[in-house]
Amino acid sequence: MSKRNLCQISPGFEEIMPAEYRDLVERGPYGKGWGVAEMGSFKELIEEHPLCAGCGLALSMRLILVSLPSPEDTVVVGSTGCSALAFPQVALHNIHSLFGNQNAVASGLKRALALRFPGRVKDVVVIAGDGATCDIGLDSVLHSWFRGEKITTIMLDNEAYANTGGQESGMTQRGTVLNMAPKGKKFGKVAVPEIARESGCVYVAVTSPAKPKNMEKAVRRAVLLARDLGPTYVQLLCPCPTNYKFKPNETLDRIRDQEKQGHFRPREYYTPEAEAFIRQLEEAKG
Ligand SMILES: Cc1ncc(C[n+]2csc(CCOP(=O)(O)OP(=O)(O)O)c2C)c(N)n1
Ligand code: SF4
Ligand SMILES: [Mg+2]
């Protein structure tokens, strides 16, 4: 695994670089291998964002970025939606793709990076909403899995099209009424994790920011497995206080309640090869 710090200041420019940038060079995570356990002791790749108070997406983005095994060698591909508004504040290479195109863009990028940097690790991670992943982008998502692209797909599942004012998505729960879905959803959540498992993903995890260590484990496994074995998928439940009309400080309780009521079911699937790989990883950690 590469451990280079790509974020450096050219000699002579130390005095004039903004304090924020100097801070990132001196105390940022590039090349350090830090994770959730070290949070609070280093400058993170996202510290500000324009998302609503209590947004489950914002918390998830923070935890995803902290969990990347090699941020210095990662490119993130985003899509239209609330999370896209946070990407300009992220100190990591990222590409904004058109809504729904994210897995096609990530596939091309992964191949181009392999040609441009032969023999070097270059992780490509898609971070997109449930509307982008399950609905409008499902075609490109599925085909990237069918082709066995070595990329990680992370769905930020807030169970709605939040950015456009609250339409139902394939991931909205049955019966849910939203601002722009007044009749209530007629069917339950689409089983994307199971579709991923049946469509060539070597590793699938459903988790949430309510359990940061679990989430870190899932993101790390997914990124490391995608390097060597094939496509991986992580689905994160990240509730939206604005569209679901609950208080911003209730986001994590909402996830816990959903789990207690059986509406949210964390789970993991892996192929036998992925399982052997995970065992090796755990043994190496000791
Ligand atoms: C091709 C295309 N269709 C529709 C839209 C309008 N649009 C922008 S964001 C969005 C919904 C995003 O939902 P989701 O992916 O779940 O992200 P969220 O806002 O919930 O984070 C839609 C329909 C668009 N920008 N481009
Ligand atoms: S509308 Fe919902 S998902 Fe979008 S930023 Fe606000 S809380 Fe987050
Ligand atoms: Mg959404």
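Predicted model: local features only at pLDDT ≥ 70, side-chain atom pairs only at ≥ 80, totals over all residues.
The largest nonpolar core has 66 residues.

**Strand pairs**

- Strand E1 (residues 74–78) runs parallel to E3, and 5 bridges join them. Thr74 has Asp123 in E3 as its bridge partner.
- E3 also pairs with E4 in the parallel sense, over 5 bridges. Here Ile127 has Ile154 in E4 as its bridge partner.
- Strand E4 (residues 152–157) and strand E6 (residues 232–237) run parallel and are joined by 6 bridges. Thr153 has Tyr233 in E6 as its bridge partner.

- E3 is mostly covered, with 7 of its 7 residues buried.
- Asp123, Val125, Ile127 and Gly129 point one way from E3. Val124, Val126 and Ala128 point the other way. Both groups are buried.
- In soluble globular proteins, nonpolar side chains tend to be buried together.
- Within the largest nonpolar core, Ile154, Tyr203 and Ala222 have the most contacts.
- Leaving aside neighbours within four places in sequence, Tyr203 is in contact with Arg221, Ala222, Leu225, Thr232, Tyr270 and Ala274.

**Helices H3 and H5**

- Helix H3 (residues 102–116) packs with helix H5 (residues 138–146) at an angle of about 35 degrees. Their axes are 7 Å apart.
- From H3, the contact uses Asn103, Ala104, Ala106 and Ser107. From H5, it uses Ser140, Val141 and Ser144.
- The residues of this contact divide into 3 nonpolar, 4 polar and no charged.

**Ligand 1**

- There are 20 residues around ligand 1. Gly81, Phe99, Gly129, Gly131 and Asn163 come nearest.
- The shell around ligand 1 divides into 9 nonpolar, 10 polar and 1 charged.

**Ligand 2**

- The residues surrounding ligand 2 include Cys52, Cys55, Cys82 and Cys240. Also among them are Leu51, Leu57, Asn158, Ala162 and Asn163. Pro241, Thr242 and Asn243 are in the shell as well.
- The shell around ligand 2 divides into 8 nonpolar, 4 polar and no charged.

**Gly137, a buried loop residue**

- Gly137 is found in the loop between H4 and H5.
- Gly137 has 27 other C-beta atoms within 10 Å, so it is buried.
- Leaving aside neighbours within four places in sequence, the contacts of Gly137 include Ser79, Gly100, Asn101 and Gln102. Asn103, Ala128 and Ala132 are also among them.
- Gly137 and Phe13 lie 124 residues apart in sequence. In space they are 43 Å apart, C-alpha to C-alpha.

**Arg267, an exposed strand residue**

- Arg267 lies in strand E7.
- Arg267 counts as exposed because it has 12 C-beta neighbours inside 10 Å.
- Leaving aside neighbours within four places in sequence, Arg267 is in contact with Pro193 and Val206.
- Arg267 and Glu198 are 69 residues apart in sequence and 15 Å apart in space, C-alpha to C-alpha.

**Two residues with positive phi**

- Glu159 is not a glycine, yet its phi is positive, at about 60 degrees. Glu159 lies in the loop between E4 and helix H6 (192–198). Glu159 counts as buried because it has 26 C-beta neighbours inside 10 Å.
- Lys245 is not a glycine either, and its phi is positive at about 55 degrees. Lys245 lies in the loop between H8 and helix H9 (251–260). Lys245 has 10 other C-beta atoms within 10 Å, so it is exposed.

Note on methods: Residues numbered from 1 in each chain as written. Chains lettered and ligands numbered in written order. Axes fitted to C-alpha atoms, helices over the stretch in contact; angles between N-to-C directions. Helix = DSSP H or I, 4+ residues; strand = E, 2+ residues; numbered from the N terminus. Contact = placed C-beta atoms within 7 Å. Nonpolar A, V, L, I, M, F, W, Y, C, P; charged D, E, K, R; others polar. Near = placed C-beta within 6 Å. Pairing = 2+ DSSP bridges. Core = buried A, V, L, I, M, F, W, Y, C linked by C-beta atoms within 7 Å. Buried ≥ 20, exposed ≤ 12 C-beta atoms within 10 Å, placed from the backbone.
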